[in-house]
Amino acid sequence: LVRSSGLPVAYSAGYNRHPLVSFGPPLPLGMMSKCEYFDLNLYGEEDTQGSVKSALERVFPLGMKLKEIVFPVSKQMRSMDFYDEEEVFVELEDTTFEKIDERLALYEEAEKWEYTRIRKRKEKIIDLKVQVSMLKREGNILHIRKKLTGASGFEVLEQILEIPRAEAVGLNIIREQLIKY
């Protein structure tokens, strides 16, 4: 897409050259997003944000929209390092509200909500009270605001609401926004 846009893309040096493009935090499999982003290094000066946006939009697939172009003012604005939290919306099935409300009340009352995660044969204890800064239900939508690193949205659903991952993948789970402190 970037190559066919006609933008003056910067390439790495060396034998195996590639476009200087990097992407934001990975999206877990089975989750949708309304706010993915990427860093694209251009050489020279592009006239305006509008000209970059129109060049990219001409080659984007149908249904993919570019919300905004931001020219970074520092290296700290790079994609993987910039955002701290994400807000996730989960569309819940109607039959689960009573149990979910009970689990949310238990979570709110708890000082800690720890579980053990095993990855690559290593155990790690994660406290979801540290990871999750907001967890509330409005109608059939569950709002989760959590750190990008640590527990995934699926782990929040499984550990707090007791919704197994096999069932959670059938729900509409959408990353609505990325948040900088």
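In this predicted model, helix 4 and helix 6 meet through a handful of side chains: Lys99, Ile100, Arg103, Leu104 and Tyr107 on the helix 4 side, and Gln159, Ile160 and Leu161 on the helix 6 side. Sorted by class, that contact has five nonpolar residues, one polar and two charged. Helix 4 spans residues 97-109 and helix 6 spans residues 153-161; their axes sit 9 Å apart and cross at about 90 degrees. An angle from 65 to 115 degrees counts as roughly perpendicular, so that is how helix 4 and helix 6 lie to each other.

Both helices also turn up against a sheet. The sheet is open, with five strands in the order 2-9-4-8-7 and mixed pairing. Strand 2 (32-33) and strand 7 form its edges, each pairing on one side only. Further in, strand 4 and strand 9 (residues 172-179) run antiparallel and are joined by seven bridges. Phe89 faces Ile174 of strand 9 here, the two standing opposite each other. As for the helices, helix 4 lies across strand 7 and strand 8, and its direction is at about 150 degrees to strand 7. Helix 6 packs on the sheet too, where it touches strand 4, strand 7, strand 8 and strand 9. Relative to strand 8, helix 6 points at about 115 degrees.

The largest nonpolar core contains 25 residues, and Val90, Leu128, Leu135, Leu142, Ile144 and Leu157 have the most contacts inside it. At least two core residues come from each of strand 4 (85-91), helix 4, strand 7 (132-138), strand 8 (141-147) and helix 6. Helix 6 gives the largest share, with five residues. Leu142 makes a handy example: setting aside neighbours within four places in sequence, Leu142 is in contact with Val88, Phe89, Val90, Leu92, Leu104, Leu135, Lys136, Arg137, Leu157 and Leu161.

Val130 belongs to helix 5, which covers residues 128-131. Trp113 is 17 residues away from Val130 along the chain, and the C-alpha atoms of the two are separated by 8.6 Å.

Terms used:
Residues numbered from 1 in each chain as written. Predicted model: local features only at pLDDT ≥ 70, side-chain atom pairs only at ≥ 80, totals over all residues. Heavy atoms only, no water. Axes fitted to C-alpha atoms, helices over the stretch in contact; angles between N-to-C directions. Helix = DSSP H or I, 4+ residues; strand = E, 2+ residues; numbered from the N terminus. Parallel < 35°, antiparallel > 145°, perpendicular 65-115°, else oblique. Contact = heavy atoms within 4.5 Å. Nonpolar A, V, L, I, M, F, W, Y, C, P; charged D, E, K, R; others polar. Core = buried A, V, L, I, M, F, W, Y, C linked by side-chain atoms within 4.5 Å. Buried < 20%, exposed > 50% of the residue type's maximum accessible area, 1.4 Å probe, protein only. Pairing = 2+ DSSP bridges.
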